Amino acid sequence: MKGFRLSRIRPVFAGALASVLSALLLFVYAGGALETQRELFFDSLTQLVAAPQSSEIVVVDVDRASVQQTAGKNWDRAAMADLLTRLATAGAKAVAVDFIFSTACDASDPGNAALTKAISGVPAVLGFLIADGGAEHPAPVPPLAVRRPVAIPDLWFIDGAEASCAFLQQASRSAAAAFLVGDEDARIRRVQVFSIIGNDAYPALGIEAARMAMGARTPVLGGEPAWLRLENQLIELDEDGSMRFAASPDTIIAARTVTAGEVMSGTVLPERFRDKTVLIGSSLPNLGGLRSTASMPLEPSVQIHADIANAVLTGFIPNRDTRLPLYEAALALLGGLLVALIATRLRPVTAALLGLLAISATVAAAAAIYATSALLLDAVSISIAIVFVLSVTSVLQFARVRRAESAARSKFSQYLPQSVVARYIDNPDDERVAGEERPVTALFTDIEGFSTLSQKLTPRELVTLLDTYYAEVNGLVATHGGMVDKVVGDAVHAFFNAPEDLDDHVNKAIGCAEEIRALTEEMRRRAGFIEHQFGRTRIGIETGIAVLGEVGAGGKLDYTAHGDAINLAARLQEANKFLGTAICIGPEAAVQSGRPLRSLGMHEIRGFGEMELFTTEP
């Protein structure tokens with residue numbers, strides 16, 4: 001029996017097997033193994049696709065400017081009472097307060113008396129926080145009906161709460177949970193719908209605010225897993241009894257938010273609050289909670305509660321249907337089989353591009369499904385399955401191709417020189433020979449003050465800096481489709497449109513120059529560079545006809561270019577010294593680029609005469 005050879009395995013069969021295996025693993029294990037990546041994708045999805053916005057919500061932010069407007073530059077209970085009174089006068093339907101007034105509970109205090117009166121003058125919801133071991137039961141308890149059978153999640157049960165003073169609670173319409181529990185990465189993506197203390201169930205602040213905005217009667221809780229019904233809307237909950245929401249971006253937050261100072265000064269018209277549900281909180285760290293969400297690293301908790309209320313009011317609640325894992329596994333299987341077939345029938349680059357297209361189509365489908373139904377399709381797991389199948393199939397196909405290539409090299413090298421064989425095998429579409437003429441854009445760089453720098457540093461220190469410099473600069477050249485011809489001392493010589501055709505090579509060279517300038521300026525501020533006053537990088541660019549080919553004899557060959565444009569690019573790099581610029585562009589490159597470049601005027605260039613020079617710098 002012959003030994004095992006990777007190249008003898010049929011790639012299409014291996015790809016089909018990999019498709020079945022990846023679909024099975026996706027259905028059984030992906031929920032836990034890829035949870036972090038999946039949640040980050042869902043975060044991106046909720047930000048990419050804008051959620052509908054309810055016009056029933058207004059947020060009042062007690063920001064720094066609002067605090068500074070108060071008499072004592074302190075947002076006290078009298079200031080809060082004034083704000084609530086103004087909202088009541090404006091005709092607000094309800095007010096949800098993301099503040100906890102749990103200390104200084106002297107009912108005779110003028111500030112407390114004013115706040116009690118203001119709370120009683122408007123349908124108000126007061127939030128409370130969780131307190132382990134606390135015996136306090138917030139009041140009033142909002143109404144709730146239970147339809148059995150019902151599965152009550154364990155996470156809903158808490159030992160106690162930190163709530164506002166009793167006389168303030170008595171003046172309010174209901175109490176609601178204002179605390180927010182993040183995922184393992186501390187990001188807030190969902191809210192615990194109810195909190196249960198003893199026999200009392202309290203909704204989350206955002207959900208209670210939405211109920212009051214809807215004018216809804218008693219909510220109904222039921223189901224296994226649990227669901228919540230508000231009027232005609234059925235909210236399906238996660239297994240742990242939580243509800244997802246889409247975090248609003250800055251633009252949405254700004255549109256629905258006014259500051260407390262604007263309300264107090266009368267800048268905002270009362271019509272803004274008429275028949276609206278108002279959520280009051282603060283974007284200040286010492287007054288309101290700041291939590292990480294998909295839209296920003298520190299979002300005020302009142303805005304999160306507003307997002308929760310908006311999700312309930314619009315009915316657009318991101319969710320994972322229990323049947324989705326089965327559908328996702330089926331999609332992974334079909335996509336894997338298709339990719340396996342493609343990888344064995346087409347060229348590697350084409351197969352890779354189609355694989356990327358399949359992944360892009362999966363992501364686009366996930367976005368479309370979310371936009372129309374709020375369902376969260378796990379495109380991450382499906383994409384990983386497709387990449388796995390493509391990788392397995394491509395590796396096996398590559399092994400077969402390499403085997404065939406090795407046989408071809410061995411056979412044809414008996415008849416042709418190896419260099420000729422290599423040219424045709426490695427570049428089957430390239431029929432060019434040495435000494436060809438073609439348009440080339442040359443880019444030459446140089447480090448200002450390099451001679452002085454090399455005298456100050458030891459060879460080891462200098463090489464360490466240059467290794468980093470060349471690795472990153474040469475990487476940018478490659479990224480823009482250029483070829484680094486050689487590195488001479490502190491200079492990089494690069495060509496664009498050589499040896500391969502490169503569309504719009506002049507602008508690619510100019511774009512590369514701009515990125516090199518930005519990169520090297522940032523590099524000069526790094527540790528190791530800044531101490532030694534690493535010099536600026538000067539860049540010269542010109543385009544024109546050049547002769548390209550292999551130059552040399554014996555076993556040493558050098559692929560290079562010769563022509564006036566090449567020499568002029570080197571001169572233009574030097575011209576930056578007296579021009580005071582970092583990038584100097586020749587007249588022909590400026591014309592061919594079509595970009596709006598800044599003229600540096602007419603200048604004499606040694607060996608080329610007088611010409612107009614240009615730069616991209618302002």
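Reader: Where is Leu326 found?

Author: Leu326 sits in helix α11. Helices (H or I, at least four residues) and strands (E, at least two) are DSSP runs, and they are numbered from the N terminus. Keep in mind that this is a predicted model, where local features need pLDDT of at least 70 and side-chain atom pairs count only at pLDDT 80 or more, while totals for chains, interfaces and linings use all residues. Residues are numbered from 1 along each chain as its sequence is written, and side-chain values use heavy atoms, with hydrogens and water left out.

Reader: Which residues form the positive patch?

Author: For charge, Lys and Arg count as positive and Asp and Glu as negative, while His and the chain ends are not counted. Each charge is placed at NZ of Lys, CZ of Arg, CG of Asp or CD of Glu. In this model, Arg10, Arg345, Arg400 and Arg403 form the positive patch. Look for Arg400 in helix α13 (residues 379–412); with a relative accessible area of 36%, Arg400 is partly exposed.

Reader: How many salt bridges are there?

Author: Side chains of opposite charge can pair when their charged atoms come close. The rule asks for a side-chain nitrogen of Lys or Arg within 4 Å of a carboxyl oxygen of Asp or Glu, and by this rule there are 27 salt bridges. Take Asp183 and Arg190, whose closest N and O atoms are 3.1 Å apart. Asp183 is partly exposed at a relative accessible area of 22%, whereas Arg190 is buried at 12%. These two also belong to a salt-bridge network with Glu39, Asp43, Asp185, Arg187, Arg189, Asp238 and Arg244. In another bridge, Arg526 meets Glu522 with closest N and O atoms 2.8 Å apart. Arg526 is partly exposed at 22%, and Glu522 is partly exposed at 32%.

Reader: How many aromatic pairs does the structure hold?

Author: A pair of aromatic rings is described by the distance of the centres and the angle of the planes. Rings of Phe, Tyr and Trp (its six-membered ring) pair if their centres lie within 6.5 Å; planes under 30 degrees apart are stacked, over 60 edge-to-face, and the rest tilted. The structure holds 8 aromatic pairs. In one of them, the ring centres of Phe128 and Tyr202 are 5.2 Å apart and the planes are at 75 degrees, so the pair is edge-to-face. This pair links distant parts of the chain, 74 residues apart: Phe128 is in strand β3 (residues 124–130) and Tyr202 in strand β9 (residues 200–203). Both Phe128 and Tyr202 are buried. Phe316 and Tyr370 are also edge-to-face, because their centres are 5.1 Å apart and their planes at 75 degrees. Here Phe316, in the loop between α10 (301–314) and α11 (324–345), is linked to Tyr370 in helix α12 (residues 348–373), 54 residues apart. Phe316 is buried at 12% relative accessibility, and Tyr370 is buried at 0%. Ring pairs also link Tyr469, Tyr470, Phe529 and Phe534 into a cluster.

Reader: Which residues does a cis peptide bond join?

Author: Arg148 and Pro149 are joined by one, with omega about 5 degrees, and Pro149 is in strand β4 (residues 145–150). Another cis bond joins Glu224 and Pro225, with omega about 5 degrees; Pro225 lies in the loop between β10 (220–223) and β11 (227–230).

Conventions
Patches are made of residues with over 30% relative accessible area and no salt bridge: like charges are joined within 9 Å, nonpolar side chains (Val, Leu, Ile, Met, Phe, Trp, Tyr) within 5 Å. Accessible areas come from the Shrake-Rupley method with a 1.4 Å probe; for residues, only the protein chains shown count as cover. Buried means under 20% relative accessible area, exposed over 50%, partly exposed in between (1.4 Å probe, protein chains only).
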